Amino acid sequence: MEKLTITTPSDVLSFIGHTLGFWPQESLVCITMNENSIGATLRIDLPRQPGQELPYARTVAHYLTSDTTATSILFAVYTSETTQHGQAKPQAGTIAALTGVLAQQGITIREGLFVGDETFSPYDGEPGTSLALPINSTQTSAINAEFIYRGSFVEPTDRITLPTTVQEAAKATAVEHHMDTIASQPTDTAVQQGRKLWADMLDAKTFPSDDDCHALVANLQFPAIRDRLIADIPGVDEPMQQILFAQTETAPKWSRIEWAQQLLLHAYTRTSPEHAAPVLTTIGYINWWEGRGSKAHQFLQLALDTDPAYRLARLSDQMIGSGIVAGWNMNKDTAYKTLPFDLP
């Protein structure tokens, strides 16, 4: 794929929005770089309590140094907080702490942006100067146009809106019928048939029938089959445990993973709350693979809303909350990225 070049601050903000999938609010966003090549993108909520600048900076640096090739970063502070001429910018203490912590790791800050509700400007620029540009100027950037051409769009927030599902009782009955069939089979046979069903869906170019969706949801109710089906998503022929924790040497097939997410959302609309937790947990797992921690957390919380005792959702949410990053995102050759980019 041809590399694209980011040349303006508007391009940077467009890249952030499309990479995250939403416009950040009260957030710090950092992009790692190796010379002129862009690496990983990190979004994290701004600190809410004073005096937390250094611990917060250390947490951010821990995430950023997961990209072992990083030599510098770009950052953007998104906030509704305003400042006046002669006053320090919002989060100035946070940025100063981050600068120092990263310097200890041999990483420099290349550029920073201050993004308000209506305008954005260089972080180290004076407020109210001609350097400030309107937020809507990002809509005309070359990078924004390229992303839109590729079918990408930016949501106003990162809040998940699940598709609606109706006729829940009938769908539950259909899923339970398939569950009875699966439970009556030897384990190896059930796993093989579940993998065949899932492989056919992943290889297809159209959404499956409702009955196949019910069968997929039924298979996901059985932990041994569920784990195997999750491991089959990336299309990597390595041990299952290494795939689940995103620690394979082979890069995953990201287009296949994206299609799997669409299939699971489609299957979700063909199920009922009592069977939804494994589906939502698997979608959360995919978002963790892709480095979308906040969305992964939301999907896992939605899974726990339907079944508070669902163990995989709870363990996965604890893993994400502890700061564990998917192994694929620690290597630029295996990390999820929408398009290749360079800076001039």
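Predicted model: local features only at pLDDT ≥ 70, side-chain atom pairs only at ≥ 80, totals over all residues.
Which residues does H275 touch, not counting residues up to four places away in sequence?

View 1. H275 sits in α11, which covers residues 273–289. Its contacts are A172, V175, E176, M179, V217 and Q221, leaving out residues up to four places away in sequence. The relative accessible area of H275 is 5%. Buried means under 20%, so H275 counts as buried.

**View 2. Packing of helix α12 against helix α13.** Helix α12 spans residues 293–306, and helix α13 spans residues 311–321. Their axes lie 9 Å apart, at an angle of about 155°. Angles over 145 degrees count as roughly antiparallel, so α12 is roughly antiparallel to α13. The crossing of α12 past α13 is left-handed.

**View 3. Residues at the α12–α13 contact.** From α12, the contact uses G293, A296, H297, L300, Q301, A303 and L304. From α13 come A313, R314, S316, D317 and I320. Sorted by class, this contact has six nonpolar, four polar and two charged residues.

**View 4. The protein chain as a whole.** The chain holds 13 helices and eight strands. Its C-alpha atoms fill a box of roughly 75 × 40 × 40 Å along the principal axes. Buried residues make up 51% of the 344. Of the contacts between residues at least 6 apart in sequence, 71% join residues at least 24 apart.

Methods. Residues numbered from 1 in each chain as written. Heavy atoms only, no water. Axes fitted to C-alpha atoms, helices over the stretch in contact; angles between N-to-C directions. Helix = DSSP H or I, 4+ residues; strand = E, 2+ residues; numbered from the N terminus. Parallel < 35°, antiparallel > 145°, perpendicular 65-115°, else oblique. Left-handed = near helix turned anticlockwise from the far one by under 90°. Contact = heavy atoms within 4.5 Å. Nonpolar A, V, L, I, M, F, W, Y, C, P; charged D, E, K, R; others polar. Buried < 20%, exposed > 50% of the residue type's maximum accessible area, 1.4 Å probe, protein only.
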